[in-house]
Amino acid sequence: MKGKVVLITGSSSGIGRETAYRFAQAGAKLVLSYNRGKTRGEQAERRCRKLGAEDILFLHLDVTDDRSISDSVKRVLKKYGRVDFFINNAGTGVFVLFKEHTMKDIERQIRTNLEGLIKLTRAFLPHIKKGIINIASAAGKTAYAEMSVYCGTKFGVLGFTQALAKEHPRLRICCVNPDMTATRLTGYEGRPPSEVAEVIFKVASGEIKVAHGGDVDVWKIMK
C-alpha cells in the first residue's frame, strides 16, 4: 500500500479514523475527510503523519451536498491526479421505532448512507484505479427493529455494490459489513473499530479474498 492514494470518507472518528491509521502505517497517501468534526479530523491527520503516511490531503466533505462533492474531486485530482482505493465509510443512524422518526431523521440517513455514497462514487469513478470498498453493515443483511431506515440504506448499499461490480469488472469492488462497533452511533458499545479497520485494509490489500461485488462480514473474520 506504500504510495497508494487512499480516500476514506468520514475519517475524523470511529471506523474511518482507525482505517486511516491502518493505511498510514502502510505508508499510503491519504485523503481524509470530515464534515462536522474538524478538530477530531485534524487530530487524526496529525496521528496519521506520525504513523507514517507518505502524504495527506485533509478536506471538508459533506456527502449530502453536490457542490461539496464536486469541490472534493477537484482538490483530490489537483493534488494526486487519481485515487487508488476509494473507501465509502461516512454514515449516520437513528435507532428508534420507525413511528418515532422525524422526516429529517429519514432524510439524513438516506442522503448520507445511500444517496451520498452513490453520488460520491459516481463523481470519483473515472479516477479510481484499483478498487472501491463500501462500508455496509450487518444491518444490510438482517433487519432489526428500531433500525428500519438505517437497514433500508445499508441493504441498498449492498445492492448498489453488486450492480456496480458487474459494470466494472477490472476494479476490486466489494462491501465490508461491520457488526456492532464501538463508535458514537452505538454509544461506544461493541467491537473495537480497529478490528473493522484491519479487515478493510486486508480486503484492499488482497489478503482477504472477496467475490467481485461481494461482501465480507467482520464478525466471521475477527472471531
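**Notes on the model**

1. Let's start at the end of a helix: α6 is followed by Gly206, whose phi is positive, near 90 degrees. Helices here are DSSP runs of H or I with at least four residues, strands are runs of E with at least two, and both are numbered from the N terminus. A word on sources: this is a predicted model, where local features need pLDDT of at least 70 and side-chain atom pairs count only at pLDDT 80 or more, while totals for chains, interfaces and linings use all residues. Residues are numbered from 1 along each chain as its sequence is written, and side-chain values use heavy atoms, with hydrogens and water left out.

2. Back to α6 itself. The helix covers residues 193-205, 13 residues in all, and reaches 18 Å from first C-alpha to last, close to the 18 Å expected at 1.5 Å a residue (the expected span is 1.5 Å times one less than the number of residues). Its buried residues are Pro193, Val196, Ala197, Glu198, Val199, Ile200, Phe201, Val203 and Ala204. Buried means under 20% relative accessible area, exposed over 50%, and partly exposed in between, using a 1.4 Å probe and protein chains only. Those buried residues pack against α1 (14-25), β4 (83-88), β5, β6 (172-177), β7 (215-217) and α7 (218-221); contact means heavy atoms within 4.5 Å.

3. On the α7 side, have a look at Ile221, which lies in that helix. Ile221 is partly exposed, at 39% relative accessible area. Leaving aside neighbours within four places in sequence, Ile221 is in contact with Val199, Ile208 and Val216. Ile221 and Val199 are 22 residues apart in sequence, and their C-alpha atoms are 7.5 Å apart in space.

4. Which residues does Asn134 touch? Asn134 is in strand β5 (residues 128-135) and is buried, with a relative accessible area of 0%. Not counting residues up to four places away in sequence, Asn134 touches Asn88, Leu117, Val157, Phe160, Thr161, Cys174, Cys175 and Val176.

5. Now the cysteines. The whole structure has 0 disulfides, a disulfide being a pair of cysteine sulfur atoms within 2.5 Å. For Cys151, the nearest cysteine sulfur is that of Cys175, 15 Å away. Cys175 has the sulfur of Cys174 as its nearest, at 7.0 Å. Both are buried: Cys151 has a relative accessible area of 4%, and Cys175 has 0%.

6. The largest pocket holds about 1300 Å³ of space. It is lined by 48 residues, of which Ala90, Gly91, Thr92, Arg184 and Leu185 lie nearest its centre. The elements giving two or more residues to that lining are α1, β2 (29-34), α4 (103-124) and α5 (148-167). By class, the pocket lining has 19 nonpolar, 17 polar and 12 charged residues. Ala, Val, Leu, Ile, Met, Phe, Trp, Tyr, Cys and Pro count as nonpolar, Asp, Glu, Lys and Arg as charged, and the others, Gly among them, as polar.

7. How are these spaces defined? On a 1 Å grid over the protein atoms alone, a cavity is a set of points where a 1.4 Å probe fits but cannot get out, a pocket is an open set with protein on both sides within 12 Å along at least five of seven lines, and lining residues have an atom within 4 Å of a point.

8. There is 1 cavity of 30 Å³ or more. The largest cavity holds about 40 Å³, and α4 gives the most to its lining, with 4 residues.

Note on methods: Points joined across faces, edges and corners; volume = space filled by probe spheres on them.
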